[in-house]
Amino acid sequence: MSDPTTAAAGTATDAAAYVTAPEHVTSGPGKPRSLWSDAWRDLRHRPLFLIAGAIIVLLVVIALFPGLFTSADPIHKDLDHFREGPSADAWFGYDGQGRDVFARVVHGTRWTLLVGVAATVLTVLVGGLFGILAGYVGGWLDALISRVGEVFFGLPFVLGAVVILNLVRNAEIRGALPIVFAVVASIAALSWPVAMRIMRSAAIAAKQQDYVRAARGLGASPARVIFRHLLPNCLAPVLVYGTIALGAFISAEATLSFLGIGLRDPVVSWGVMISDARTYIRIAPHMLLFPAGFLAVTVLAFVMLGDAIREALDPKLR
Amino acid sequence: MGRYVLRRLLQLVPVFVGTTFLIYILVWAVPGNPFTGMCGERPCPPEFVAAMTEKYNLDDSVVVQYLKYMGTLLSGDFGQTYAEQPVSELISNAAPVSLRLALVAVVIEAIIGITAGVLTGLRGRGFLDNLVLVSTLVLIAIPTFVIGFVAQIVLGFQLEILNPTVSSDATWGELIVPGFVLGSLSMAYVSRLTRTSIAENKRADYMRTALAKGQPKRRIVGVHLLRNSAIPVITFLGTDIGNLMGGAIVTEGIFDIHGVGRLVYDGILDKQGAIVVGVVVVLVVVFLLVNLFIDLLYAVIDPRIRYE
């Protein structure tokens, strides 16, 4: 066990089992499939998963290469076209300052997705780490982490985010990335207890399993038990939460931008666009409908993906 | 039971202190001058700054400030705004409106969500199941403020069947549409939660036993199944009441409802720390007590659960 080469070899096999196994599902008939490769087999036949996956891939391509989809400048103002409806020149029309709505939607994809992905990663990392520690160590550490989690959980989400982001705004933070980071951090600060609780209960359940006892009996260090044995077996519920939360966080970003404290210029995001559109909603509804439609489809895709993965990972629901 | 409640109440104390202290720091320990821009274009007169520093103990460290604030709070005094309006009066004016709105939202989401969940959970896969699944997905995907705007435009401006904004009285009838908007997201979660819970319990042994001893279907579903499937749904609804009261910032803004969410949002923008902290204190107390109440309700719903 303590031999570094066998440990490394173990990592290699396990990495293969967890990462590449889904791509080699045709492996020999006698070989038992892992939970993940089983789930992947199941997922490939689900229309829900395929549709959601296709939408997400398209969105990622838009986010990475907005130039492929539009040549218009999202911040170029042309007051001649002020609030003009959709036409062949500008598919989604122009906004209140004569900017091309389609170009803005396309260029906004990047920021919207960035906020969602970054907030999810931060939430899952922080919540997962604290959750697995609380579940595995137990005792006073569990009590402390759970109480701290309750403190953040007790704050209503929008209220807490408004207070934190108002603080940031008063601190006069400028520039695109710092603003995005502030929004991401405030979303994660208010959401990590959920991920923590999910991970904690998964860890408590897994801790009782024989393989964990065996590892401890063989003298594995707590870090090794946590990362090599507990983590792979507790990951599924947190990942499902993460996928669904990604959609929810994108929606949360839009809500915060709508309240005027989330993203703002120079960042172009769908939430910012919807917020800009609210005053003209009765005369120029296209300004609201197109970004809101993109937002809804994106959130829908992530929630559908999360649903499909949850069903695939949970054999009880089959 | 009594000892359980006492222990739970004691456990609430650190959470209460933690949450209020967190908000207190976020609101009052702002870097920079708290009086910037407060008196319009010109800087505030030094007498005003001195008086306010004295009033809110701004010279002390944050911990001392917080302790002094809690001291006056525990004697029932929520403090005053900069304009010397008592915060307790503002809260007691706004709270009933928000409470009504939250109740309307919870009732709507419980009725529609649970009905949809029970129906689809019982029937299993089919047209109705897909319909409910798709509609919950749509409700989850569209942010609340978009639903609110669309409801306001369609019902208020185009069909003109209701006032686009709610009057200051905020009667129950006026709050139905805002309550629907506010509860729409949770409605989707409630119906999914109910569906999963019902589908899981449908095949339980006690269901087979009840069927075998010849009980009518109404009683099997209404008493045995619903009661056993209720716990996750009720837990969710309980956490939601607290969230809905404070999370109504967006809905209250759209429909111009003068509730707690509006009060606290204006308070944050105007840097009225006393309002923000006061409202959060009330909300946290409500949230914690509702959760405790729900925990106690478990034993009523499911007698197998006992507290010691």
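**View 1. Contacts within chain B.** Among contacts in chain B between residues at least 6 apart in sequence, those joining residues at least 24 apart make up 74%. The model is predicted. Buried residues account for 38% of the 308 residues in this chain.

**View 2. Helices of chain B.** Chain B has 12 helices and zero strands. Read from the N terminus, its elements run α-α-α-α-α-α-α-α-α-α-α-α. The C-alpha trace of chain B spans about 80 × 55 × 30 Å along its principal axes.

**View 3. The loop at B:Asp256.** B:Asp256 sits in the loop between α10 (249-254) and α11 (260-269) of chain B. Its phi is positive, about 55 degrees, although B:Asp256 is not a glycine. Most residues other than glycine have a negative phi. How many other C-beta atoms lie within 10 Å of B:Asp256? There are 16. A residue counts as buried at 20 or more and as exposed at 12 or fewer, so B:Asp256 is partly exposed.

**View 4. Where chain A meets chain B.** In this view, 32 residues of chain A are in contact with 35 residues of chain B. On the side of chain A that touches chain B, the elements giving two or more residues are α5 (139-153), α6 (157-170), α9 (222-258) and α11 (286-313) of chain A. Which element gives the largest share of that side? It is α6(A), with nine residues. By residue class, the side of chain A that touches chain B holds 23 nonpolar, five polar and four charged residues.

Methods. Residues numbered from 1 in each chain as written. Chains lettered and ligands numbered in written order. Predicted model: local features only at pLDDT ≥ 70, side-chain atom pairs only at ≥ 80, totals over all residues. Contact = placed C-beta atoms within 7 Å. Helix = DSSP H or I, 4+ residues; strand = E, 2+ residues; numbered from the N terminus. Nonpolar A, V, L, I, M, F, W, Y, C, P; charged D, E, K, R; others polar.
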